[in-house]
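Subject: Structure for you to look at

Hello,

The structure is pasted below, and my notes on it follow. Please read them with the model open.

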Amino acid sequence: MDEDAASALCPPASRLAGPSRIPGPMLRRAGSPGAPTQRSCLWVTLRQGAGGAPWHRPRAPAPITPVAPCPRLVSGNGGAEVTPVEKMSGSGDPCSGPVENKNEAAMSELVPESRQKPVVPMKPVGINANLLGYIGIDTIIEQMRKKTMKTGFDFNIMVVGQSGLGKSTLVNTLFKSQVSRKSSGWNREEKIPKTVEIKAIGHVIEEGGVKMKLTVIDTPGFGDQINNENCWEPIEKYINEQYEKFLKEEVNIARKKRIPDTRVHCCLYFISPTGHSLRPLDLEFMKHLSKVVNIIPVIAKADTMTLEEKTEFKQRVRKELEVNGIEFYPQKEFDEDLEDKTENDKIRQESMPFAVVGSDKEYQVNGKRVLGRKTPWGIIEVENLTHCEFALLRDFVIRTHLQDLKEVTHNIHYETYRAKRLNDNGGLPPMTSETEENHESNL
């Protein structure tokens with residue numbers, strides 16, 4: 001069949017209604033029901049690509065006019081049916097060969113490819129995201145509590161001050177038990193020692209199933225001599241010896257599972273209630289020992305001053321400590337966050353130094369048994385904030401800052417001593433009896 005016959009069977013694209021009459025479904029394969037001829041589709045495509053009328057995608061699909069499919073012609077070589085397009089292109093499939101490639105190239109020029117949207121990374125899940133179920137993270141507190149109740153913990157407190165300021169009485173009041181040197185048979189009739197002595201008394205206190213090994217270090221003879229020059233040196237030496245003992249235990253090859261902690265965690269320094277100012281001995285002692293231990297200044301026997309005298313004396317003491325560059329606990333540079341800073345600033349500016357009264361005797365007041373001191377004009381209640389600041393000192397040392405006292409001792413004072421000790425030794429750990437024996441055996 002010639003080209004005229006094919007044109008008669010397959011009408012050209014000019015007979016169609018224009019581009020809007022060529023919806024997407026007309027590009028189906030030949031032979032399907034209701035499919036247009038391949039030639040008409042091809043001619044319309046080539047006409048648009050060759051500079052014909054501009055082709056636009058319709059906003060709404062127009063009604064489809066069915067086009068009769070191309071008839072199959074029987075060739076004379078055995079009855080095989082071929083379409084006029086197949087005869088012209090020479091292929092058996094009207095949708096393959098050069099015609100198909102030209103069709104795809106023309107359509108690719110007309111219709112731009114759709115670009116993929118960039119992948120937006122997922123936002124990280126917030127820390128406070130709601131969990132899908134219970135995990136059990138909160139039980140770590142209970143695990144730590146059980147472990148602490150089994151093993152217990154250590155706390156070592158040192159009291160420094162002149163004799164007669166009530167150091168032992170205050171410590172007994174602080175822990176509500178006989179933990180001072182009174183319980184170890186100390187006799188008040190003994191002579192004042194010629195030099196400063198160090199006496200450590202250990203006790204095990206248990207409350208609510210929690211065990212605490214409390215060690216009270218007393219310093220009889222401090223400030224009681226006519227010549228008190230360098231009287232703080234035995235105290236400073238004792239504190240450094242405890243650091244050295246802990247350091248040697250750490251560097252042992254086969255060290256203990258739990259190293260005994262004899263380091264001084266807190267030093268209560270008792271100030272005489274003169275009402276005037278600090279003595280030179282007070283300033284020198286705190287200036288030297290504030291670098292190696294946590295010092296908490298305490299005004300002893302505050303009931304000997306009036307309320308106005310007590311307030312003025314506390315302000316004068318704070319000013320003198322600031323002028324002389326003496327830092328007491330809690331130190332400003334050790335505040336970890338804004339909450340700690342706010343709380344500690346209030347303690348540093350209002351409570352320090354604590355004006356306290358100690359007593360281990362009980363009296364009946366309004367039907368209640370209270371610790372206090374009996375005077376001709378009434379009873380001074382130790383735990384009454386309107387009478388003295390003992391309750392503030394107890395809460396500060398035991399209930400709110402006890403663990404922090406231990407952490408500052410380990411992370412600041414002990415680490416400072418350890419770094420200095422290793423630097424002096426050329427970066428090598430100090431030699432202990434065990435390491436010396438191992439070194440000699442190796443030689």
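Helix 7 (residues 233-251) lies across strand 3 (153-160), strand 4 and strand 5 (210-218), and runs at about 170 degrees to strand 3. Helices (H or I, at least four residues) and strands (E, at least two) are DSSP runs, numbered from the N terminus. Axes are lines fitted to C-alpha atoms, for helices over the stretch in contact (heavy atoms within 4.5 Å); angles run from 0 to 180 degrees between N-to-C directions. Helix 8 (residues 280-289) lies across strand 3, strand 6 and strand 7, at about 170 degrees to strand 6.

This is a predicted model, in which local features need pLDDT of at least 70 and side-chain atom pairs count only at pLDDT 80 or more, while totals for chains, interfaces and linings use all residues. Residues are numbered from 1 along each chain as its sequence is written, and side-chain values use heavy atoms, with hydrogens and water left out.

The sheet: six strands form an open sheet in the order 4-5-3-6-7-8, with mixed pairing. Its edge strands are strand 4 (199-207) and strand 8 (354-355), each of which pairs on one side only. Two strands count as paired if DSSP finds at least two bridges between them. Strand 6 (residues 266-271) and strand 7 (residues 295-299) are parallel, with five bridges, and Phe270 stands opposite Val298 in strand 7.

The core: the largest nonpolar core has 72 residues, and Phe155, Phe285 and Ile296 have the most contacts inside it. Such a core is a set of buried Ala, Val, Leu, Ile, Met, Phe, Trp, Tyr and Cys residues joined through side-chain atoms within 4.5 Å, where buried means under 20% relative accessible area (1.4 Å probe, protein chains only). Leaving aside residues up to four places away in sequence, Ile296 touches residues including Cys266, Leu268, Tyr329, Phe354 and Phe396. Buried residues make up 37% of the 443 residues in the protein chain.

Regards

Notes:
Buried means under 20% relative accessible area, exposed over 50%, partly exposed in between (1.4 Å probe, protein chains only).
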